[in-house]
Amino acid sequence: MTPKERLRKKIFSGGRISPGEADSLFSWDLIELGEAADMRRRLVHPVNTVGFILDRIINFTNICEAACDFCAFHSGAALKPYELPLPEIFSKIEELRARGGTQVMLQGGLHPRHTLATYTGMVREIKKRFPSIRLHSFSPSELDHIAKKSSLSLDRVIAELKDAGLDSVPGAADMLVDRIRAKVSRKKIRTKQWIEIMRALHRHGMKSSATMTYGMGETQKERVAHLAVVRKVQDETGIFRAFIPWSFSPKRTRLESMAPATGIDYLKIVAVSRIFLDNIRYIQAGWLTEGLKLAQIALAMGANDMGGVLTEEKVVEAAGGGTKAGMREFIDLIKNAGKIPVLRDSDYKVLDSRPARRLK
Ligand code: SF4
């Protein structure tokens with residue numbers, strides 16, 4: 001048996017693959033790799049459903065002292081500085097609620113004057129008005145920033161945010177490789193701190209997700225190293241509800257001269273993630289950055305969730321990207337891929353197995 005045949009056998013029997021084996025998968029033919037990933041998807045998610053959620057990202061400020069090279073959103077890059085007043089945030093949530101939305105992602109920059117009180121105040125006011133809205137908000141870097149600005153421990157920051165009403169925290173991970181982080185986001189947390197923040201969230205019983213923003217000059221081995229960090233943290237904590245890879249958009253950033261990652265890169269990363277991350281149930285198709293058509297193909301190569309039908313998003317839009325999509329398009333696209341669309345909540349529980357009824 002050749003090494004490739006042995007690996008194929010291991011994948012099809014549900015065995016855990018090593019980082020070296022994951023690296024070798026990138027040289028497989030795309031269709032063969034996609035088939036293997038889809039088979040692994042069936043092992044963890046045997047039904048043919050693909051979930052999505054009605055949510056809204058509210059980028060409440062772009063004032064950010066990190067000024068990462070790969071970001072077009074912060075006020076030193078493409079956009080003018082802004083801070084949304086609370087009434088404007090409320091009216092955005094009201095719009096979402098009127099459409100039946102269930103989740104809000106509040107995301108901002110690392111504002112030099114925002115302390116824990118700014119965040120807990122915002123969360124409390126939102127929860128007072130919208131108790132049924134789930135707040136899947138902020139990021140590991142924001143938590144670290146709040147702790148430093150307020151001279152408090154990470155545990156205290158998380159405990160107070162949870163007490164104010166924060167439900168879960170997206171695990172915005174960028175690239176978990178310090179060589180890349182030191183180059184493109186010098187003022188942000190390093191991999192070790194990201195892991196510590198995940199452990200701290202887990203201690204407080206909070207859930208998260210893991211992302212990967214690739215295409216910032218990392219090697220293929222470094223992409224696998226990122227996946228290995230995510231798998232290890234998940235083994236230890238079980239904190240991740242989903243894994244979401246997306247490509248970095250160079251436009252309007254300080255890395256504008258870099259060539260953007262390709263569609264094949266994206267599909268291979270989705271497929272390898274599905275096979276390697278054997279402890280994460282949902283792999284999300286990144287339609288916002290990759291476009292709806294590529295995301296649809298990803299559903300045949302290991303992805304089993306479409307994320308949110310968003311009503312607004314500023315970070316990807318700032319880099320000249322950002323696809324717009326409504327619920328009708330989501331439903332048609334998922335059905336056209338031979339899958340069953342289901343409307344889900346923040347915990348990936350099915351809210352409506354026939355979401356098309358909500359369109360009538
Ligand atoms: S990626 Fe986040 S932390 Fe970095 S500059 Fe943009 S808003 Fe700030």
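1. Basis. In this predicted model, local features need pLDDT of at least 70 and side-chain atom pairs count only at pLDDT 80 or more, while totals for chains, interfaces and linings use all residues. Residues are numbered from 1 along each chain as its sequence is written, and side-chain values use heavy atoms, with hydrogens and water left out.

2. H1 and H3. Helix H1 (residues 3-12) packs with helix H3 (residues 30-44) at an angle of about 30 degrees, and their axes are 9 Å apart. H1 is therefore roughly parallel to H3. Helices (H or I, at least four residues) and strands (E, at least two) are DSSP runs, numbered from the N terminus. Axes are lines fitted to C-alpha atoms, for helices over the stretch in contact, and angles run from 0 to 180 degrees between N-to-C directions; those under 35 degrees count as roughly parallel.

3. The H1-H3 contact. H1 contributes Lys4, Arg8, Lys10, Ile11 and Phe12, and H3 contributes Glu32, Ala36, Met39 and Arg40. Contact means heavy atoms within 4.5 Å. By class, the contact has 4 nonpolar, no polar and 5 charged residues. Ala, Val, Leu, Ile, Met, Phe, Trp, Tyr, Cys and Pro count as nonpolar, Asp, Glu, Lys and Arg as charged, and the others, Gly among them, as polar.

4. Ligand shell. Cys64, Ala66, Ala67, Cys68, Cys71, Phe73, His74 and Lys188 surround the ligand, each with a heavy atom within 4 Å of it. The shell divides into 6 nonpolar, 1 polar and 1 charged. Cys68 is buried at a relative accessible area of 7%, and Cys71 is buried at 17%. Buried means under 20% relative accessible area and exposed over 50% (1.4 Å probe, protein chains only).

5. Disulfides. The search of the whole structure finds 0 disulfides, a disulfide being a pair of cysteine sulfur atoms within 2.5 Å.

6. Helix H6. H6 (residues 140-150) is mostly covered, with 9 of its 11 residues buried. Among the buried residues are Glu142, Asp144 and His145. The buried residues of H6 pack against strands S1 (49-61), S2 (103-108) and S4 (168-169), and against helices H5 (116-129), H7 (154-164) and H9 (191-203). Ser151, which follows H6, has a positive phi near 50 degrees.

7. Ser257. This residue is in the loop between strand S6 (240-247) and helix H11 (263-276). Ser257 is exposed, with a relative accessible area of 76%. Ser257 and Asp332 are 75 residues apart in sequence and 36 Å apart in space, C-alpha to C-alpha.

Note on methods:
Angles under 35 degrees count as roughly parallel, over 145 as roughly antiparallel, 65 to 115 as roughly perpendicular and the rest as oblique.
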